[in-house]
Amino acid sequence: MAVSPLSSPDSPFADIVVEHSPAAGIAPAPLLGKSLEELTDWVQAQGQPSYRGKQLYQWIYQQGARSLQEITVFPKAWRQAMEHVDLGRSTLHHRVVASDGTVKYLLRLADGQIIETVGIPSAKRLTVCVSSQVGCPMACDFCATGKGGFVRNLATHEIVDQVLTVQEDFGQRVSNIVFMGMGEPLLNVANTVAAIRCLNGDVGIGQRAITLSTVGVPGRIRALAAEQLQVTLAVSLHASNQAQRLQLIPSAGAYPLEVLLDECREYVQLTGRRVTFEYILLAGLNDQPANAAELAQHLRGFQSHVNLIPYNPIDEADYQRPSEASIRNFVAELEDRRIAVTVRYSRGLEENAACGQLRASQR
Ligand code: SAH
């Protein structure tokens, strides 16, 4: 896909963007993430009949095979000869169950890196919160992942693996996916889009049940629109004006609020899909009635929805979560101005739920 050359020297994002960082230590490409066609080509290249491609596909995506050894429909001799082939599954490093049933996983990747994934059950759903990078370069001031720095992009199979891992652990089909774990997915567009196509086409999760959350990277929302996906785009706004956004989100300097909102408007035009805006509520900072009025002004006539996220305290920052009364007040101010709004409470809070906290505590 055509993505803007963010890493060119004159780009304001040059110092933080590593779009092509390799998934270190993983060669050749693992089988997870490949389509039925690609797997069929692969088995044929190994001298096997093409129908084994379908079997391999089913065992990888439906049966949860972690190695070729487990695929008992394959001839024993071939399984042994293919012992070295990597399917691309992670291993479990740590697992914590919160009292509300939310399960947090730290998964170990082939090169030893650790990522965080969360399984969130509710009455009718099983939602997986996936990571798109190891760490994150955006350094948002309220975010635990941002405080820990950036290591590398995740490969396609490393994103898909997170969903399969949760599905297998719960013994229940995953219904929804949110790209709200570690990392900035629009700094890893190619692998994120490939993972979404695989999760949709091969794992069987509806695109409409997938949400991609971004803090915004210049040109990338437009590039995402060109992919013609049916996913929900969620944009982390968190401020009602540029000065405030800059205080919280360093990359806002190179990508001002107005420019971001213009690109979001373009996204709505190009895709016909509304945009969700995420807004963390920080007590005394961006939770005042004046902020609600200013936010409503920006979003007037905009096909959008606002998700308010009361701040989850992290050790590395001094922000406070607002009182229930001021949250309700902020909601009322927006509703008075006919802005569609929902308050989203994070799940599993007592177990280091906020973005990146579990990983930070286990290192
Ligand atoms: N990089 C992407 C996705 C990862 S973060 C993005 O910025 O959107 C997913 C969401 O969690 C974002 O809206 C992010 O701002 C929010 N978040 C991060 N730290 C948080 C905290 N301490 N409390 C509440 N929300 C937080």
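1. Basis of the note. The model is predicted, with local features requiring pLDDT of at least 70 and side-chain atom pairs counting only at pLDDT 80 or more, whereas totals for chains, interfaces and linings use all residues. Numbering runs from 1 along each chain as its sequence is written, and side-chain values use heavy atoms, with hydrogens and water left out.

2. Helix packing. Helix α10 spans residues 289-299 and helix α11 residues 324-336; their axes lie 9 Å apart at an angle of about 35°. Axes are lines fitted to C-alpha atoms over the stretch in contact, and angles run from 0 to 180 degrees between N-to-C directions. Helices (H or I, at least four residues) and strands (E, at least two) are DSSP runs numbered from the N terminus.

3. Residues at the crossing. On α10 the contact (heavy atoms within 4.5 Å) is made by P289, N291, A292, L295 and A296, and on α11 by N329, F330, E333 and L334. By class, six of these residues are nonpolar, two polar and one charged. Ala, Val, Leu, Ile, Met, Phe, Trp, Tyr, Cys and Pro count as nonpolar, Asp, Glu, Lys and Arg as charged, and the others, Gly among them, as polar.

4. Ligand shell. The ligand is surrounded by 19 residues (a heavy atom within 4 Å), of which G183, S213, S236, H238 and N312 are the closest. The shell comprises 10 nonpolar, seven polar and two charged residues. Strands β8 (210-214) and β10 (275-281) each contribute at least two of its residues.

5. Polar atoms at the ligand. A ligand oxygen is 2.6 Å from a side-chain N or O atom of S213, and an oxygen of the ligand is 3.3 Å from a polar backbone atom of T214. A ligand nitrogen lies 2.9 Å from a polar backbone atom of N312. The protein buries 93% of the 530 Å² that the ligand exposes when taken alone (Shrake-Rupley method, 1.4 Å probe).

6. Surroundings of Q55. Q55 belongs to helix α2 (residues 51-61). Its side chain forms a polar contact of 3.0 Å with that of R52 (a pair of N or O atoms within 3.5 Å, one able to donate a hydrogen and the other to accept it). Neighbours within four places in sequence aside, Q55 is in contact with V73 and F74.
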